[in-house]
Amino acid sequence: MNFLVSGPFFLAAALEWLGHRVVQAESLTPPEAVEMDLAEVWAALPAADRPDLVLVAESLGPRRLPLGLEKLRAPRVFYALDPHLNLLWQQGAATAFDLVLTTQKSALAAFRTAGRPAFWLPWAVDLRQVYDHGLPRVHDIAFVGRSHPHFRAKRRVILHALRRRFSLVARGERPETEVSPWEMGRLYSQARLVVNEAIHQEVNLRVFEALAAGACLLTEEVGENLQGLFRAGEELITYGSDDLVEKAAHYLEQTAAREALAARGQARVRREHQVVARAQQLLQLLGEREWGFAEVDHLHLAQSLVMLCRKGLYPVRLGLRRAWYHLEEALRREPRQAPAHHLRAQVCLMRQDLVAAHEALEEALLWAPGDFHLFIQLGHVLTGLHRPQAAALAYLEAIEQAGQAETPLGRELKGRVCRGERGAAFFSALGRFYEGRGLTLEVGLPPAGEAWFFSTAAEYYQKALSLQPDHLPALAALGRLLLSWGFACEAASFLSRCVALEPQSPEYRWLLGEAQVKGFQPVEGLQNLLLAQVMEPHRDLLGVLRRAHLGPQALKALIPLLPREWTCQVP
């Protein structure tokens, strides 16, 4: 089988070893090209090398979304590697393909909703690069990966918790300490345990690498994405915020149990999760299909391009030019699409053309006159055009269309609009307004830089904090929102600022305590919960303790702090 591949496809060498031909499109693209054109690459190939299939693998870092996909007359496959962070733009990009592969089982339903068949093809390890070096296991715990304080808050908390108790060696925490796969395998071969953290419920490549090197893996519980790959408790160990340190201590003490787990996990990787086995799985998936050629969804592809440009992951000039082309195609087919006119407004704003953006939003409102979000965006654009009265009318109409005119929040917003407020309190109130409509946050996407792009509560809260870093309502609201999404460590960073600003507030103490208990800081969290309970005795601290399922070490540290009559009831 002949494959034409774009992007860093980790199964290419395995496919060649199995007798298939793999042509890397980048090798046929001029180095100065900003983006490759797969139709041109196709035309340049000798007839004997014409591919049976075109596969575009997501690149990590700056993304590639090749040109000419709609002109190809071969099956087109998209391999989405990081849907836990990039699902929003990947869903749109997937509409340019006939089939989608993804590393995470949890993303399958979303890709299938986008109208394309989708299959689970997890990561796999190349045993030529990462393997057991047979070295003495002199380190308690090892870890390889970034731990940026802003982007990897949970990872830093986990590593800190383990470092306080054990000998932990970490590499690659900063770019200058990055190691090769061979060096990583050598380090893991000297570790009794390798710890792994998931950003957002994903099974990452580190899972397979650690087991391939013969280490016992201590990995975060991630639900369905792990199911079917490994047996927790038999081939690896899973942990949560309540038992990380306890499980590490247990398996470091129980040498025989640890080594048996490591051996079973390594055998499973060698049998099922190395690149040759995964390439065979891919071939089986492809061979079972009868291929049809799906038409490109121009609107969704344009939305993905704009998202990538906003995220700084695609060249802005090229991305906006491509998005404009796809928008024109979408509007040519159906001129009355409010989302297409809304996206056209966003493209105009990225080009700093507020007048054209205003016209596009007015056109969008012709076809969606009840869309409160369009009126909010219109208000932001009119503010940028220095038309405050028209902007105020747009904001007020948004509140009316959302059915919130007579609610307490609606009245508050109307008051702020009529007083001409456009500061932190105004944007924080808009955040609560959006949160009430279910528009909370976009996982993996950074906040928009300008107000007219804002589409989620989190972006409005962050806008408020950019104007007033100590604005308590925005800090608390963003902390609550992140906590509700399961980002406990990230939430704690905002809630700790609330406590620093108002140390006598039981509500902020309680929220911070909940975030810390769920975010691998049980002792610190329980101390804050206890303080909040002292300030407001009606709070149910004992109920929180029962739900937390704390490990022995956390309980041991907590018991001296508890009221004497409670100590016999602690779970």
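Student: Let's start with the second largest pocket. What volume does it have?
Tutor: About 710 Å³. Keep in mind that the model is predicted.

Student: How many residues line the second largest pocket, and which lie nearest its centre?
Tutor: The lining has 27 residues. Nearest the centre are L88, Q303, M307, E442 and S455.

Student: Which helices each supply at least two residues of that lining?
Tutor: Four to look at: α3 (83-94), α11 (298-310), α13 (338-350) and α15 (372-384).

Student: And which gives the most?
Tutor: α11, with six residues.

Student: How does the lining split by class?
Tutor: There are 13 polar residues, ten nonpolar and four charged.

Student: Is C309 buried or exposed?
Tutor: C309 counts as buried, because its relative accessibility is 5% and the cut-off for buried is under 20%.

Student: What about C418, buried or exposed?
Tutor: C418 is exposed, because its relative accessible area is 61%. Exposed means over 50%.

Student: On to the rings. How many aromatic pairs does the structure hold?
Tutor: It holds 16. One to look at is F372 with Y434, whose ring centres are 5.4 Å apart.

Student: Why is the F372 and Y434 pair edge-to-face?
Tutor: The planes of the two rings are at 65°, and planes over 60 degrees apart count as edge-to-face.

Student: Which helices do F372 and Y434 lie in?
Tutor: F372 lies in α15, and Y434 in α18 (residues 424-436). So the pair ties together parts that are 62 residues apart in sequence.

Student: Are F372 and Y434 buried or exposed?
Tutor: Both are buried.

Student: Which residues do ring pairs link into a cluster?
Tutor: F372 and Y434 are in it, together with Y395, F426, F427, F433, F454 and Y460.

Student: Which residues lie over the faces of F426 and F433?
Tutor: R422 lies over the face of F426, 5.0 Å from the ring centre. For F433, R437 lies over the face, at 5.4 Å from the ring centre. Both F426 and F433 belong to the cluster.

Technical notes
Residues numbered from 1 in each chain as written. Predicted model: local features only at pLDDT ≥ 70, side-chain atom pairs only at ≥ 80, totals over all residues. Heavy atoms only, no water. 1 Å grid on protein atoms, 1.4 Å probe; cavity = no way out; pocket = protein on both sides within 12 Å on 5 of 7 lines; lining within 4 Å. Points joined across faces, edges and corners; volume = space filled by probe spheres on them. Nonpolar A, V, L, I, M, F, W, Y, C, P; charged D, E, K, R; others polar. Buried < 20%, exposed > 50% of the residue type's maximum accessible area, 1.4 Å probe, protein only. Phe/Tyr/Trp six-rings, centres within 6.5 Å; stacked < 30°, edge-to-face > 60°. Lys NZ or Arg CZ within 6 Å of the ring centre and 35° of its normal.
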